[in-house]
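These entries record what I looked up about side chains.

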Amino acid sequence: MIRENLASFDTTNIIVKIGATKYSFWKSASIHIGMGEFCREATFDVSDGNESNAAQILMDSPCTVICDGLTVVTGYIDDVGVNYDSKSHSITIKARSKTCDLVDCSYIGDTQFNQESARGIINRICAPFGIRVIWKCTDWQIGELNTNVGDTCAAIISEICKRGGVFYTDDEYGNLIITDLTSTPSQATLFNPPKDTGSNILVGSVHYSSRDRFSEYRVVSQATAQMGDETADNAYTHDGVVRDHGVRRYRPKLVIAETSQDSAADTNTAEQEYMASTAAAADFGYTTNGWKTQYGRIWYAGAFVNVEDSMAHCMTKLVVKSCDLTISGTGGRITTFKLAYPNAMIKNYVPRTRVRDPWYYSGKEI
């Protein structure tokens, strides 16, 4: 696929708005958006001759990053770097989403939670920072959660989301998004070889691995302790086993459940471990033109993408783990993706069929 005319990629279309002032003298810009990451990051390099104007941009300034009239990041300037020698002078400015405070700051409050809703706890953590939490999943109860004094807000929220089998990210307005994969629609299609309109994949790479796959996944859970019955021999009960018949040699994996549960729940956990390990055995990377999908929306993490890639033997629906939006005078405007099977990101995601790796050993002589 031929890149679009680089002359159309005017970096002045990338605006950093601080108060009423709009800065648009960038030589290059990049924005990183990740699934399971709390805050977006934006990096800007100042174009030649605009160093004195860039010096007006102060750290901790609230800012909004706008691309082609669309808001992409709402947050703060938190890095200003100056580099110079006898022949050159450059300035790099970095901004992060409002949710960066959850990553950097400790939670001041109760360190123990018991029989509370996940929604209530996360909302309470985010409230002092003025961060709005948008829920796109069903609330759930936290039986018991013990944290440490000084734990960051992000660490606590991450643990809560892990227990609920959901993920977190942020949006273009600096809100924290708590969601599962059932509420994220298919965003677009990446395809190669070309269709009538040509391939929209500039660069593609796929890596398959068997290192983290096992012949069986065995889950045991901790028994509810009885009075005078806390010996090591009866500390764990039940036994859920799921086998991966594609792995022919003996490769067991034992997993201890985080909470006490019955045999059926152990088996379900083993199935989730199997699905997650199988899905994580494949890693996909693609680069495509532009920052927008076929539907005119900026690419974002957590969305489904239909991939039709005959070179990589991949014809399936994947989820965007992360995307990097970059623009420069030499490379134009491109998006670089990391994609994965949904089970690699959310263990309790239930696909229609089990993952099948195209190059995985079938047990037959070749």
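I began with Cys105, which counts as partly exposed because its relative accessibility is 25%. I note that the model is predicted, and I read each entry with that in mind.

I then asked which cysteine sulfur is closest to that of Cys105. The closest sulfur belongs to Cys153, at 6.5 Å, which is too far for a bond. A disulfide would need the two sulfur atoms within 2.5 Å. For the structure as a whole I recorded zero disulfides.

Next I turned to the rings. A pair of aromatic rings is described by the distance of the centres and the angle of the planes. I found 11 aromatic pairs in the structure. In one of them, Tyr107 and Phe113, the ring centres lie 6.4 Å apart and the planes meet at 40°, so I listed the pair as tilted. Both Tyr107 and Phe113 are buried.

The pair of Trp135 and Trp140 is edge-to-face, with 65° between the planes and 6.1 Å from centre to centre. I noted Trp135 as buried, and Trp140 as buried too.

Last, I checked for charges over rings. Lys317 places its charged end over the ring of Phe304, 5.4 Å from the ring's centre. Arg333 lies over the face of Trp291, and I recorded 5.3 Å to the ring centre.

Notes
Residues numbered from 1 in each chain as written. Predicted model: local features only at pLDDT ≥ 70, side-chain atom pairs only at ≥ 80, totals over all residues. Heavy atoms only, no water. Phe/Tyr/Trp six-rings, centres within 6.5 Å; stacked < 30°, edge-to-face > 60°. Buried < 20%, exposed > 50% of the residue type's maximum accessible area, 1.4 Å probe, protein only. Lys NZ or Arg CZ within 6 Å of the ring centre and 35° of its normal.
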